[in-house]
Amino acid sequence: MPNEVHCAHILVKTEKEANAALERLKRGEKFANIAREVSICPSGKRGGDLGTFGRGKMVKEFEQAAFALQKGQISPIVKTKFGFHIIKRLE
């Protein structure tokens, strides 16, 4: 198991917004473009790029989803106290 992952995410307030973003991804839109457009996280300006982070740095639900992904894989919607995330493992 890796000790660090490099991920990007899209963070929105509602599950409806998250579902809409997920549908756009399924239609082939670029993850970074959607993040820049709809993410409420400051990382949205960087296409959702969170950089590399280790275990214990993110909330539990986010961390579990991020570390379970393979490179290039996109998560289902992940709910945390911050809202609804779609996570992409970059490296």
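Guide: Start with Arg-27 and Glu-29, whose side chains meet in a salt bridge, 3.7 Å from N to O.

Visitor: What kind of model is this?

Guide: This is a predicted model, where local features need pLDDT of at least 70 and side-chain atom pairs count only at pLDDT 80 or more, while totals for chains, interfaces and linings use all residues. Residues are numbered from 1 along each chain as its sequence is written, and side-chain values use heavy atoms, with hydrogens and water left out.

Visitor: Why is the contact of Arg-27 and Glu-29 called a salt bridge?

Guide: The term asks for a side-chain nitrogen of Lys or Arg within 4 Å of a carboxyl oxygen of Asp or Glu. Arg-27 and Glu-29 stand at 3.7 Å, N to O, so the pair qualifies.

Visitor: Arg-27 and Glu-29: buried, partly exposed or exposed?

Guide: Buried means under 20% relative accessible area, exposed over 50%, partly exposed in between (1.4 Å probe, protein chains only). Arg-27 has 60%, so Arg-27 is exposed. Glu-29 has 31%, so Glu-29 is partly exposed.

Visitor: How do you know whether Arg-24 and Glu-37 are buried or exposed?

Guide: Arg-24 has 15% relative accessibility and counts as buried. Glu-37 has 55% and counts as exposed.

Visitor: How many salt bridges does the structure hold?

Guide: Four. One of them joins Lys-26 and Glu-23, with the closest N and O atoms 3.9 Å apart. Both residues lie in helix α1, three residues apart, about one turn of the helix.

Visitor: What makes a stretch a helix or a strand?

Guide: Both are DSSP runs, numbered from the N terminus: helices are H or I with at least four residues, strands are E with at least two. Helix α1 spans residues 15-26.

Visitor: How do you know that β1 and β4 pair?

Guide: Pairing needs at least two bridges found by DSSP. Strand β1 (residues 4-12) and strand β4 (residues 83-89) have six, in the antiparallel sense. Ile-10 stands opposite Ile-86 in β4.

Visitor: In what order do the four strands of the sheet run?

Guide: The open, antiparallel sheet has the order β2-β1-β4-β3. β2 (49-54) and β3 (78-80) each have a single partner strand, so one side of each is left without a neighbour in the sheet.

Methods. Contact means heavy atoms within 4.5 Å. Axes are lines fitted to C-alpha atoms, for helices over the stretch in contact, and angles run from 0 to 180 degrees between N-to-C directions.
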